[in-house]
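Colleague: I would like to go through the charged side chains of this protein with you. Could we look at the structure together?

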Amino acid sequence: MKTLTIPEIACFFKANDHFLILTHRRPDGDTLGCAAALCRGLRSLGKTAAILENPQLTDKYRPYLEGLTVPSFETGMVTVSVDVASLDMLAKNAGFPVRLLLDHHGTNPGFAEEGLIVPEAAATGELIFDVLEAMGVTLDQATAEAIYVAVSTDTGCFRYSNTTAKTLRVAAACLAAGAETYPINQEMFEKRRFARLRIDAYITEHVVFYAEGRLAIAAIPLEVEKNCGVTEDDMESVSTFARNIEGVCLAVTMRTLPDGQTKLSVRSAPGYDAAALCALFGGGGHKAAAGATLPMAQDEAKLAVENAFRQLGYL
């Protein structure tokens, strides 16, 4: 992949048209906020731009993409991925080459023709902000709120260790542009349906600790999710629950996928590397947050993770 600078990316957007913006599987606030902000910014410049519909989009984020999506790729579209860490992380309906990528995952192999990967950025939303600024886009309220969703969700509302002064400057610019952050913060970080509280109770009762409480595995059987009645929106932040237990420095949350495989979501404190653990299983992400999918049931996955703890010297 050819690496571009922010000014070069701005020139790329100005020189081309008919953009299709791509997001990742099980989309979160960063990928969707980036897509919405970039799409709105390009349209404000008179460009034709749309976001490819993501079949896993949830109700929490649906309002941010209203009026911005299209159902499929058309010949001649310039494809741009945002916050997608690898080719196999693209939404399932995005089976075509990617022209440009913007991302902040250090494990990204650079699967597009051109792009920019900035691992030190707390969220890809920071890159989108820089690109829009370089193109001379003036943030309106909707665009500012989309960027705010991107940077706030990937930093846990600015509580995680990846938060930088740059992150806070971007958030401040969003507020200055009219972003209504209070309702966003309530919806993203405060509200919990009772079904989710039942999942938290299950984790509290069944979490397994290692290394004098520094490591934790929280395995959530599929039948427990069904019995509790949770949705994907309910489960979005479940990976942080075990990590927030006092003394835990690295937490692995396990969920069963529809095909029977086990999805790992790993969260860590400084001194522990979530991405290194997930890399042992072909996954990736950041030191503080990463993920992987294991082709096995949860019982086998627990043993595999325990072995990974030992391999990394954590046990």
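Predicted model: local features only at pLDDT ≥ 70, side-chain atom pairs only at ≥ 80, totals over all residues.

Colleague: How many salt bridges does a search of the whole structure find?

Modeller: The search finds eleven salt bridges. In general, side chains of opposite charge can pair when their charged atoms come close.

Colleague: Which residue forms a salt bridge with E113?

Modeller: The partner of E113 is R99, and their closest N and O atoms are 3.4 Å apart. E113 lies in the loop between β6 (100–103) and β7 (114–117), while R99 lies in the loop between β5 (78–82) and β6, so the pair ties together parts that are 14 residues apart in sequence.

Colleague: What is the relative accessibility of E113, and what is the relative accessible area of R99?

Modeller: E113 has 49% relative accessibility and counts as partly exposed. R99 is also partly exposed, at 27%.

Colleague: Let us turn to a helix. Where are R196 and D200?

Modeller: R196 and D200 belong to helix α7 (residues 194–206), and because they are four residues apart there, about one helical turn separates them. Their side chains meet in a salt bridge, with 2.7 Å from N to O.

Colleague: Are R196 and D200 buried or exposed?

Modeller: Both R196 and D200 are buried.

Colleague: What about R214: which residue does it form a salt bridge with?

Modeller: R214 pairs with E212, the closest N and O atoms being 3.5 Å apart. E212 is exposed, with a relative accessible area of 79%, whereas R214 is partly exposed at 31%.

Colleague: Finally, which residues are linked in a network of salt bridges?

Modeller: The network links R26, E225, E232 and R255.

Notes:
Residues numbered from 1 in each chain as written. Heavy atoms only, no water. Salt bridge = Lys/Arg side-chain N within 4 Å of Asp/Glu carboxyl O. Helix = DSSP H or I, 4+ residues; strand = E, 2+ residues; numbered from the N terminus. Buried < 20%, exposed > 50% of the residue type's maximum accessible area, 1.4 Å probe, protein only.
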